[in-house]
Amino acid sequence: AEKDDSATDVLALVKDPMGAYNWIIITADLDGADTPSEMDESKSRFEGTPFIMQNGGSGGVVEMRKHFDEDAVQFGLVRMGFGTGANRRVEWVKVVWSGEDVPEERQNMYLEVEEQVDGLLGESAMLIQASTVEEDDLAALVKQMEGLDEAKDVAGASELSVGAYRAAYTEEQDSSAEFFGVTADSPTPSNIPFDDIPALVKMVKDVNDPVDWALFTFF
């Protein structure tokens, strides 16, 4: 997680329609093995359950998908906003991840803990089962969510589109800036390749990348 928050804190914020965190990934420690987590052990466990939080963040689907492991079974919850202001709508998507390198005997872990996972993560608009990052990228998720409008009364709400998602994401980032200590003079993220124009252009063109504009000059 980006701050020193407990697993319970992060999950509560993901479930909040405008919470500072918008995704979480957990796994089940069924055999008492040393399950890796990117958090401090004392804060990563959900008390009274076999679940451990491995990470969480505020970067939405684009960030979350980078934290699924090829050799792990993981469960994710991501909040997806669409549109801004009074027309903003929020949907939650549950992701059951079984990496391509997961041993066969562990591939059905979800069936063992399905009820507990659902109880912990709560209700969601859609369940995605994936084993490759291509199956849970932003465009793919939005495409699969198109049918939700047929089952819901969403009069006046924003459409489900990548553009509406980006608008909501920007609103969320502005809202949570203070929570994460981001200020107007905060340093630019180090992973943006300002000295590599082709790479930067590729990021802008990628619908799954949070970098969505660039300005160039010649000298």
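Select lysine 94 and aspartate 118: their side chains meet in a salt bridge (3.1 Å, N to O), a term for a side-chain nitrogen of Lys or Arg within 4 Å of a carboxyl oxygen of Asp or Glu. Lysine 94 belongs to strand S4 and aspartate 118 to helix H4, so the pair ties together parts that are 24 residues apart in sequence. Helices (H or I, at least four residues) and strands (E, at least two) are DSSP runs, numbered from the N terminus. Lysine 94 is buried at 6% relative accessibility, whereas aspartate 118 is partly exposed at 28%. Buried means under 20% relative accessible area, exposed over 50%, and partly exposed in between (1.4 Å probe, protein chains only).

This is a predicted model, in which local features need pLDDT of at least 70 and side-chain atom pairs count only at pLDDT 80 or more, while totals for chains, interfaces and linings use all residues. Residues are numbered from 1 along each chain as its sequence is written, and side-chain values use heavy atoms, with hydrogens and water left out.

Next, select glutamate 172 and arginine 79, which form a salt bridge (3.0 Å, N to O). Glutamate 172 lies in helix H7 (residues 162-176) and arginine 79 in strand S3 (residues 73-82), 93 residues apart. Both residues are buried.

Proceed to aspartate 29 and arginine 45, another salt bridge, with the closest N and O atoms 2.8 Å apart. Aspartate 29 is buried at 10% relative accessibility; arginine 45 is partly exposed at 34%.

Finally, select helix H1 (residues 7-15), whose buried residues are Ala7, Val10, Leu11 and Val14. These cover an arc of only 95 degrees around the axis, which puts them on the same side of H1; the arc is that of the directions from the helix axis to the C-beta atoms.
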